[in-house]
Amino acid sequence: MRTKYTSLLFLFIALAGAHTGEGQSAWFKADTLTSLSVNGVKLINPWAGGLNAMQFGKMRLNDDETEDLVVFDRSNSKITTYVAGTNPLKPAEKIFIHAPAYEQMFPKIDNWMILADYNRDGLKDLFASTSLGITVYRQVKTGNARSFVLEKDALYTKGLSAVLNLQVGGTDVPGIVDVDDDGDLDVLTFDFSGSYIELHQNLSMERYSVPDSLGSSSMPIFTRNGQCWGNFHKGDNNDFVFGDDCQVADLSGAKILHAGNSILLQDVNGDGNKDLLVGHVSNDHISVLYNAVAGIAADFTSFTHNYPEKDPIVFRIFPAVYAEDIDFDGVKDLIASPNVSVNEGNLMDFRSSNWYYHNGGTNDRPVYELVQKNFLQDQMVDVGENAAPSFFDVDGDGDLDMIVGTGGTAGTNGFRGKLWLFRNTGTAKTPAYELASDNYLDIPATLGLYNIKPQWADFNGDGIPDLGFAGINTASLKFEYRYIPNKSASGAAVLNVADAVVITMPSESQIGDSPFFHDADGDGDLDLLVGKPQGSIYYYINTGTGRQFAFRLETDAFAGVSINFEGRFSQISVQDIDLDGRPDLLTADHTGTIRIFSKADWGKWTARESLLINISDKASAPVLGRYLYAAVADYNGDGKPDVAVGTNAGGIMLFANILPITITSTEPGAGNQVKVYPNPASGHITILASQHSSVNILSVNGEVLRNNIHVQAGEATEIPLLNWPTGLYLLEVTGKGRKVVKKVVIK
């Protein structure tokens, strides 16, 4: 069976070009080599991180002639970038390939984004939501490098009686489009009640004969034109009432608050007039309003809720639509996705939330045909929402498989979370994952839980890692923790959900907690770290035993991490990531970044690094989304712990460890001399080292059973075996930064 440190048996570890610990070099890089297959077919973007409630726009990210794809997930406040490329499985076919390096050029945004070239310089600019209404970032291109610079923190409009912020509700998606075809971009947005559309006409061309003015509070370039726009308003029961006189005027030569609407202006019937596609927060459909006139003063006279006519868009809540050419034929297609920040009522299936309609007609007379309901999602790990990865050699073949907990999906017995099993069909050093089950162990049949977060650890003290998992009870809505005893002494895991044992968690446990079990004090049982939704980390000592947990709170601000709004929903993992012989703390939180606390003894870390990911040969702290769940494991068998990050969007991102560490097979003469005896052993083992050392004991699958056992130089230290089962164990002995790994057989 493969272990976390198989390649380190009887080897020594040396730092080659020491890591500075000052953020000057990256710890990880995005994994582009590890493959993943479903039904025998390799996915194009397996580790792109999942998608939920998407907004789509196109722009050039690189310097070829084809526009690329930018996707914003409202549920994550996360932008994902894809470049137009060639399908490696079908060379004649163009596809979108995940290219995370370009994500760094975008500012952090919330609620909505629209890409549109307001100044007609050929570079699409970024319009985004702000508490002030609309903020604008101008795209700048210097050589081959692109970036966005803040152009306006807010847009202003001359209202009916005063100059005001051009407000757009955070729940809305406005229309930013050239309504009057004069070359500058106007704004369409619903009023505060969500009943009437307002037209805020851009007078840049009328005043200055150029489209690039955005105005200011003292000299607004936008003017609210008319009492409303389109001569209609929303009625009861999702209907529309026509015949209003909006009094839109011809302004050539010449108060806004907000309820959940999306707007797309497009001629859908080829009559030359711009029709209106509207989504609403309380609707499950897209409404199309047909425009009877051309020009600035639209006049809508009829509507339908069934659009497209064939296979109409139907979401459980708040659909929005986007027109972009996504199949590279030069004609804009239609994409529909829910415009929600959370899965309210758990009504959405976020595994299939991006509906792609191919346009077989023209831009002015589209003919939409539904192609798929999981656009982009079908080419990546997407378990729905709240993916939580873990690693274990489930089948006992010597390499690490991946088990992913899920937020949940609706089924016959309600909304329940599952475990997905991705089996490693490659090797220990060249992993290749294959989806083996989307309902591993069939947990929903027995347990009413959602937001399942797994961890493999020796919960019952028998020396064999068990499967633990947190979850929220669907009936009581309370946080719970269980473990399933692993009844296999060696080889494949033997698990039965019926054997699940409930662990009584601390009384202050709450929904949103993220627990991690770890033997912090080296006494042979598991202690507890809990990342809290308020951002703090609680640390509990287990004063009980391996089978009877009793937690005593040591601190509610472990490692100095206390309540903080930006870093809320903290999640932790513990492992010796830099291989200096001491455990490190890895955290992920609502900032969207991961951090590592390292280079000191337990809880006394002084180095706290966030510039961890190599992007374009620079150590960076990319925003990975919200509600992250990070797991540490050497999944590629090089002896260095890697990181897998699960996202709220239901996906996984893999990051391979690139710390400058080399492994040599020759013991340095001045190194730590270590003896372990007797071997084979029963009852106890004795360790004798030539240097002051720290000892970790690992099971055959790499799970740390005991850690931080202190051994004095030249003094024999006896360790009781606590009735551990027969098998192979590893002893990591670290002194003066060098690690020796010894193999011990217990009989």
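**A close look at Gly531**

Modeller: Start with the contacts of Gly531. Leaving out residues up to four places away in sequence, Gly531 touches Gly512, Asp513, Ser514, Ser536, Ser570 and Ile572. Keep in mind that this is a predicted model. Gly531 sits in strand β40, which covers residues 527-531. Its relative accessibility is 0%, so Gly531 counts as buried; the cut-off for that is under 20%.

Now step away from Gly531. Lys332 is 199 residues from Gly531 in sequence, with a C-alpha separation of 45 Å.

Stop at Lys332 for a moment. Lys332 lies in the loop between β25 and β26, the latter being residues 333-338. Its relative accessible area is 40%, so Lys332 is partly exposed. Not counting residues up to four places away, Lys332 touches Ala323, Glu324, Asp325, Asn359, Asn363 and Tyr368.

Glu324 leads us on. Glu324 is also on the contact list of Phe56. Beyond its neighbours within four places, Phe56 is in contact with Leu69, Val70, Val71, Met113, Tyr322, Ile335, Ser337, Asn354, Phe375 and Leu376 as well. Phe56 belongs to the largest nonpolar core, a set of 34 residues. Phe56, Tyr82, Phe127, Ile134, Phe375 and Leu376 touch the most other members of that core. Several strands each supply at least two of the core residues: β5 (54-59), β6 (68-73), β7 (78-87), β9 (113-116), β11 (133-142) and β25 (319-324).

Ile134 is one of the residues touched by Leu166. With nearby sequence neighbours up to four places away left out, Leu166 also touches Leu132, Gly133, Leu155, Tyr156, Thr157, Val187, Thr189, His200 and Phe222. Leu166 lies in a loop, between β14 (163-165) and β15 (175-177). Lys152 is 14 residues from Leu166 in sequence, and their C-alpha atoms lie 12 Å apart.

Thr157 and His200 come up again at Thr223. Thr223 touches both of them, along with Lys158, Leu199, Gln201, Leu203, Arg207 and Leu251, not counting residues up to four places away. Thr223 is in strand β18, residues 222-224. At 13% relative accessibility, Thr223 counts as buried.

One more buried loop residue deserves a look. His590 lies between β44 (584-588) and β45 (594-598). Its relative accessibility is 7%, so His590 counts as buried. Leaving aside neighbours within four places, His590 is in contact with Glu566, Gly567, Arg568, Phe569, Arg626 and Tyr627.

Most residues other than glycine have a negative phi, and most peptide bonds are trans. Gln247 has a positive phi, near 60°, and is not a glycine. Gln247 is in the loop between β20 (240-242) and β21 (261-266). At 51% relative accessibility, Gln247 counts as exposed. Leu477 has a positive phi too, of about 60°. Leu477 lies in the loop between β36 (466-473) and β37 (479-484). Leu477 has 47% relative accessibility and counts as partly exposed. Then there is a cis peptide bond, which joins Tyr307 and Pro308 with omega about -15°. Pro308 is in the loop between β24 (300-304) and β25.

Finally, zoom out to the whole chain. The secondary structure comes to one helix and 59 strands. The radius of gyration is 29 Å, close to the 27 Å that the globule rule gives for 747 residues, so the chain is as compact as a globular protein of that length. Along its principal axes, the C-alpha trace spans about 95 × 55 × 50 Å. Of the 747 residues, 59% count as buried. Gly531, where we began, is in that buried class. The accessible surface comes to about 28,200 Å², and carbon and sulfur atoms hold 50% of it. As for charge, the chain has 57 positive and 90 negative side chains. The centres of those two sets lie 6 Å apart.

Key: Residues numbered from 1 in each chain as written. Predicted model: local features only at pLDDT ≥ 70, side-chain atom pairs only at ≥ 80, totals over all residues. Heavy atoms only, no water. Helix = DSSP H or I, 4+ residues; strand = E, 2+ residues; numbered from the N terminus. Rg over C-alpha atoms; globule rule 2.2 N^0.38 Å. Buried < 20%, exposed > 50% of the residue type's maximum accessible area, 1.4 Å probe, protein only. Areas by Shrake-Rupley, 256 points an atom, 1.4 Å probe, with all protein chains shown as cover. Lys, Arg positive; Asp, Glu negative; His and termini not counted. Charge placed at Lys NZ, Arg CZ, Asp CG, Glu CD. Contact = heavy atoms within 4.5 Å. Core = buried A, V, L, I, M, F, W, Y, C linked by side-chain atoms within 4.5 Å.
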